[in-house]
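Hi,

Here is the structure I promised to send over. Have a look first, and my notes follow below.

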Amino acid sequence: MRMSRRPKRPTRGSSTRRTPSSTGTDARASATRDDSPCLCGLPASYGECCGRFHSGTAAAPTAERLMRSRYSAFAVNNEPYLLSSWHPATRPSRVGLDPAMRWAGLEILASTEGSAFHTTGTVTFRARYTRRGEEGALHERSRFERYEGAWVYVEGSLVE
Ligand SMILES: [Zn+2]
């Protein structure tokens, strides 16, 4: 997911509305414990699923797992992980997370390559959200590559 197309007003300053100590540990992030169900939709606890990737103790083995871990990073406002899992060639200086977004579910619709035997891959997904009481969905095909051995997000295009 890229998000860069959406905000109409400058996102600079949005982080200053939080207290300095809230970085990465706001209400939603702290509500995600290791034994909570993982937000990415796989039947596993956060600690056994995307939490390992977010903490850096494991690397996503496939493009789809990286996609799922980035979705759950969006859901808990983990901007450092979103940036570190972004290809340096396309990575923005900051993600500009929208505090009004409430990610409500991820559906993987299709994927190509992206396994342990590949160096590129795509994942097509639908991510549902609510924003200020309105429901919506992001339908996107994301492209992934291996960078220094690890899967990273390159770019995404909207699917009609
Ligand atoms: Zn997960």
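Let's start with Leu66, which touches Ala60, Ser85, Phe144, Trp151 and Tyr153, leaving out residues up to four places away in sequence. Touching here is contact, meaning C-beta atoms, placed from the backbone, within 7 Å.

Two bits of housekeeping. Residues are numbered from 1 along each chain as its sequence is written. The model is predicted, with local features needing pLDDT of at least 70, side-chain atom pairs counting only at pLDDT 80 or more, and totals for chains, interfaces and linings using all residues.

Leu66 is also among the residues with the most contacts inside the largest nonpolar core, along with Cys40, Tyr71 and Phe144; that core has 29 residues. Helix 3 (63-75) is one of the elements that supply at least two residues each, and helix 3 gives the most, with 7. A core is a set of buried Ala, Val, Leu, Ile, Met, Phe, Trp, Tyr and Cys residues joined through C-beta atoms within 7 Å; buried means 20 or more other C-beta atoms within 10 Å of the residue's own, with C-beta atoms placed from the backbone. Helices (H or I, at least four residues) and strands (E, at least two) are DSSP runs, numbered from the N terminus.

Now the strands, which pair if DSSP finds at least two bridges between them. Strand 1 (residues 101-113) runs antiparallel to strand 2 (residues 120-131), with 11 bridges, and Leu106 has Ala127 as its bridge partner. Their hairpin has 6 residues between the strands, and Gly114 in the turn has a positive phi of about 75°. Strand 2 also joins strand 3 (residues 134-147), antiparallel, through 12 bridges. In that hairpin, 2 residues lie between the strands, and Arg132 in the turn has a positive phi of about 50°.

Cheers

Definitions and conventions. A residue is buried if 20 or more other C-beta atoms lie within 10 Å of its own, exposed if 12 or fewer, and partly exposed in between; C-beta atoms are placed from the backbone. Two residues are in contact if their C-beta atoms, placed from the backbone, lie within 7 Å.
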